[in-house]
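User: I am new to this structure. Please show me how to read its features, step by step.

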Amino acid sequence: MTELVVRTLPSPSGVQGPGPDTYKGWLFKWTNYLKGYQRRWFVLSNGLLSYYRTQAEMAHTCRGTITLATVHIEMGDTYHFVLTSGGRSYHLKAYTEGECQRWVSALQQAKANATQMMPHSDDSGDEGPLAQPDRALIQGALKTLASKLEDLNTCNELIGKHGAALQRSLSELEDLRTPNDGADKLKTVNERATLFRITSNAMINACQDFVDLADTHSRRWQRALQYEREQRHHLEETIEQLAKQHNNLERAWREAPSTHNKGAERTPEGESSEENEDIEFFDAMEDSPAFITVPADDHSQHRHLSINQSVTSGSLSSNWSQDDNDSSGSYLRRGRRCRIPDKPNYSLNLWSIMKNCIGKELSKIPMPVNFNEPLSMLQRLTEDLEYSELLDRAAHCDSSLEQMCLVAAFSVSSYSTTIHRTGKPFNPLLGETYELDRVEEYGYRSICEQISHHPPAAAHHVVSQRGWTLWQEITIDSKFRGKYISIMPLGNIHLKFHASGNHYVWSKVTSTVHNIIVGKLWIDQSGDIIILNHRTKDTCHLKFSPYSYFSRDVPRKVTGVVTDSESSAHYILSGTWDDKMESAKIIESSHGCGGSEGKQKTVYQTLPPKLLWKKYPLPENAENMHFFSSLALTLNEPEDGVAPTDSRLRPDQRLMEAGLWDEANAEKQRLEERQRLERRKREAQANLALEEGKTEPEALILSNILTRQYTVHYSAVHSRLVFHFLNKDVLFWILTGKEAESYQPMWFEKRTDTETGEISYLYRGGYWEAKDRQDWNQCPAIF
């Protein structure tokens with residue numbers, strides 16, 4: 001077993017040495033249990049420790065500031081120290097022990113300087129300096145309490161004096177007049193006077209205790225007041241700084257908007273080097289060699305200059321985000337819609353529907369449209385093409401390993417739209433289709449068809465004029481487990497590039513929807529993806545780390561390794577499935593010391609990581625439009641000339657998008673009942689045909705078995721055995737007590753892939769030709 005650990009070590013110039021005024025460098029700051037330690041750029045200056053996400057943020061955004069005059073510095077374990085100020089603790093980590101010591105020394109020196117510059121306080125204790133108005137308020141409150149106490153003491157003396165006089169008078173009166181009835185009355189008055197005095201003393205004691213308690217806690221009040229004053233002061237400074245910088249940026253943009261791109265191209269070499277040598281951490285992957293990435297020195301970078309220019313033929317640079325914006329804006333230039341009606345706010349008791357469905361397959365549970373989104377599963381399958389430009393770039397790669405990096409990024413990008421999409425897509429009707437023609441914008445055409453209803457299965461075919469073809473047959477297996485729903489796509493995705501002939505195959509990971517009954521719904525992706533190039537035997541192993549409350553790793557983390565046919569690693573992939581993916585070229589490898597649990601560790605020296613893919617921002621008001629992306633908003637847009645079985649024409653889905661959910665539920669029930677009736681008709685026809693000629697196929701099958709004229713293939717897509725008889729095209733499906741349906745898809749047919757040997761539904765052709773002729777006579781009426 002080997003352990004995978006990736007780390008990019010910092011440049012010696014990444015942290016400035018301690019100077020008289022400032023000290024800068026990278027540290028890791030603990031955020032929370034979801035994100036763990038995050039790298040931040042820290043700046044120590046003028047008794048203040050400020051931190052930013054990147055060095056570029058120093059010009060416009062400060063994430064926080066720590067006043068060192070009142071901070072408490074405490075050393076922790078290796079490379080770790082804690083700063084405590086105003087009741088808040090900051091846990092920080094350095095790269096090395098020596099760097100940690102330099103930071104602590106600089107902080108202690110800055111604290112000493114800030115303490116000397118701080119005005120002296122008249123009060124003793126561990127509280128920090130207070131502003132004069134705050135101190136006056138506290139002292140005024142204490143003086144008021146003391147004044148009240150003096151008043152109460154005066155009252156106490158008067159009550160005691162008058163009480164004693166009253167007792168003496170009553171005693172003398174008792175001595176002068178001694179009748180029995182008078183003596184009893186005087187004795188009662190004397191007792192009452194005594195009780196009055198006791199009550200007065202108790203009142204004074206309570207007041208004294210109150211004042212003592214207030215005086216005891218006065219220092220705590222002072223510290224709390226100081227903390228609030230510091231927070232207010234920092235907030236005012238941050239807002240003022242943001243306002244100034246925003247004003248400067250607007251003015252600079254108005255004066256010279258065209259100079260920014262040129263300035264970005266003329267980035268100084270030192271600044272570029274400083275940015276490229278940022279540290280990155282990658283999760284450990286089981287059954288893969290452990291590695292630590294180290295930036296190459298000047299000589300190595302000169303030696304591998306052609307590799308350092310780009311991980312994908314020189315096209316993946318800082319201009320990637322600009323290309324993304326251009327691509328997303330093409331929808332507007334084409335006149336496609338950019339919004340749909342807002343989602344109505346209807347409440348529904350989910351538990352009343354799901355409590356009797358635990359353990360059942362999700363596709364067999366009757367669900368109202370309240371839990372759906374106005375897209376079908378065919379449209380969700382087509383939505384994987386949102387980042388098709390990754391495949392366009394991969395088609396121009398000369399290296400199959402660089403091409404593998406882009407294919408891996410494409411496989412991860414298909415999950416980026418699911419982070420907020422908790423709605424269930426409509427289960428397509430049998431024979432339902434969906435086309436997406438984006439030849440003018442992106443050069444590809446896509447056609448999907450629902451080929452099976454139970455289990456739900458769809459076939460998909462995409463051909464691009466930019467040098468690639470993609471096809472897949474996906475069967476959705478889903479289970480409701482009570483607290484969560486597991487969605488397991490079965491089947492493989494095939495991608496072939498026309499120029500090189502590289503044929504890539506991979507499968508999808510498991511999606512889990514949590515908090516079905518109680519709490520906010522959220523989605524997680526977990527599992528492994530193995531991408532195989534059948535021509536070169538290159539592989540890529542991607543690991544989707546499941547979410548864990550106790551993990552300090554970044555949520556939704558994805559790590560991977562690209563290896564050649566000899567299992568030699570060439571690229572390291574890292575990122576998250578909801579944001580971005582990066583790759584780092586491996587220059588040199590060496591064996592390190594043993595890792596945890598006796599696993600061997602391998603150290604890789606890499607070039608700085610390059611951006612492969614970055615998620616597009618969501619459209620404005622996306623939270624009220626089912627969190628649809630720019631592409632998803634156009635998928636259900638009405639188009640002329642599509643097949644009558646197209647998902648755009650499905651009435652219940654169209655009504656739901658318009659916000660008419662009651663009408664959509666009624667229409668959905670009608671369509672499902674119609675589909676059940678059609679299935680019963682097909683089963684009856686199949687049984688009738690079997691009864692009329694049942695001896696011939698049985699005898700033919702028996703003859704083939706006895707003469708061993710058959711081959712057996714296990715279909716992982718359908719989880720069943722397939723017997724292929726050689727002397728006649730007969731398929732005998734071993735099902736779980738069920739007979740195969742007689743339905744045959746319209747645009748797809750079952751064939752064997754010549755390269756992989758896999759049997760699946762492939763596009764037979766004819767759809768786009770039928771669309772050109774507008775000849776849909778053979779299409780069934782399913783709506």
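Predicted model: local features only at pLDDT ≥ 70, side-chain atom pairs only at ≥ 80, totals over all residues.

User: How do the rings of phenylalanine 28 and tyrosine 95 pair?

Analyst: Look at the ring centres and the angle between the planes. Here the centres of phenylalanine 28 and tyrosine 95 lie 5.6 Å apart, with 90° between the planes, and the pair is edge-to-face.

User: How is the pair of tryptophan 747 and tyrosine 767 classed, and why?

Analyst: Their centres are 5.3 Å apart and their planes stand at 90°, so this pair is edge-to-face. Tryptophan 747 lies in the loop between strand E29 (731-734) and E30, and tyrosine 767 in helix H19 (residues 767-773). Both tryptophan 747 and tyrosine 767 are buried. They also belong to one aromatic cluster, with Trp768 and Trp776. The whole structure holds 17 aromatic pairs.

User: Next, the sheet. In what order do the strands of the open seven-stranded sheet run?

Analyst: The general idea comes before the case. Strands of a sheet pair through backbone hydrogen bonds, in a parallel or an antiparallel way. In this open sheet the order is E5-E4-E3-E2-E8-E7-E6, and the pairing is antiparallel. The twist from one strand to the next averages 35°.

User: Which strands stand at the edges?

Analyst: Strand E5 (64-67) and strand E6 (72-75) do. Each has a single partner strand, so one side of each has no neighbour in the sheet. Take E5: four antiparallel bridges join it to strand E4 (residues 48-52). In one of them, leucine 49 has isoleucine 66 of E5 as its bridge partner.

User: Now the core. Which residues touch the most other members of the largest nonpolar core?

Analyst: Again, the general idea leads. In soluble globular proteins, nonpolar side chains tend to be buried together. The largest core here has 59 residues, and Trp468, Leu495, Trp506, Ile531, Leu542, Phe544 and Leu573 touch the most other members. Helix H13 (residues 400-413) gives the largest share, nine residues. Another core, of 21 residues, lies apart from it and includes Ile66, Ala94, Val104 and Ala106.

User: What does tryptophan 506 touch?

Analyst: Leaving out residues up to four places away in sequence, its contacts include Val407, Phe410, Ser411, Leu495 and Ile531.

User: Last, charges. How many salt bridges does the count come to?

Analyst: The count is 30 salt bridges. In one of them, aspartate 384 meets lysine 508, at 3.0 Å from N to O. The two are 124 residues apart: aspartate 384 is in the loop between helix H11 (377-382) and helix H12 (389-394), lysine 508 in the loop between strand E18 (503-506) and strand E19 (510-514).

User: Are aspartate 384 and lysine 508 buried or exposed?

Analyst: Aspartate 384 is buried, at 14% relative accessibility. Lysine 508 is buried as well, at 16%. Now take glutamate 755 and lysine 496, whose closest N and O atoms are 2.9 Å apart in a salt bridge. Glutamate 755 is partly exposed, at 38%, and lysine 496 is partly exposed, at 30%.

User: Which residues are linked in a network of salt bridges?

Analyst: Arg336, Arg438, Glu441, Glu639, Asp646 and Arg648 form that network.

Terms used: Residues numbered from 1 in each chain as written. Heavy atoms only, no water. Core = buried A, V, L, I, M, F, W, Y, C linked by side-chain atoms within 4.5 Å. Buried < 20%, exposed > 50% of the residue type's maximum accessible area, 1.4 Å probe, protein only. Contact = heavy atoms within 4.5 Å. Pairing = 2+ DSSP bridges. Axes fitted to C-alpha atoms, helices over the stretch in contact; angles between N-to-C directions. Salt bridge = Lys/Arg side-chain N within 4 Å of Asp/Glu carboxyl O. Phe/Tyr/Trp six-rings, centres within 6.5 Å; stacked < 30°, edge-to-face > 60°.
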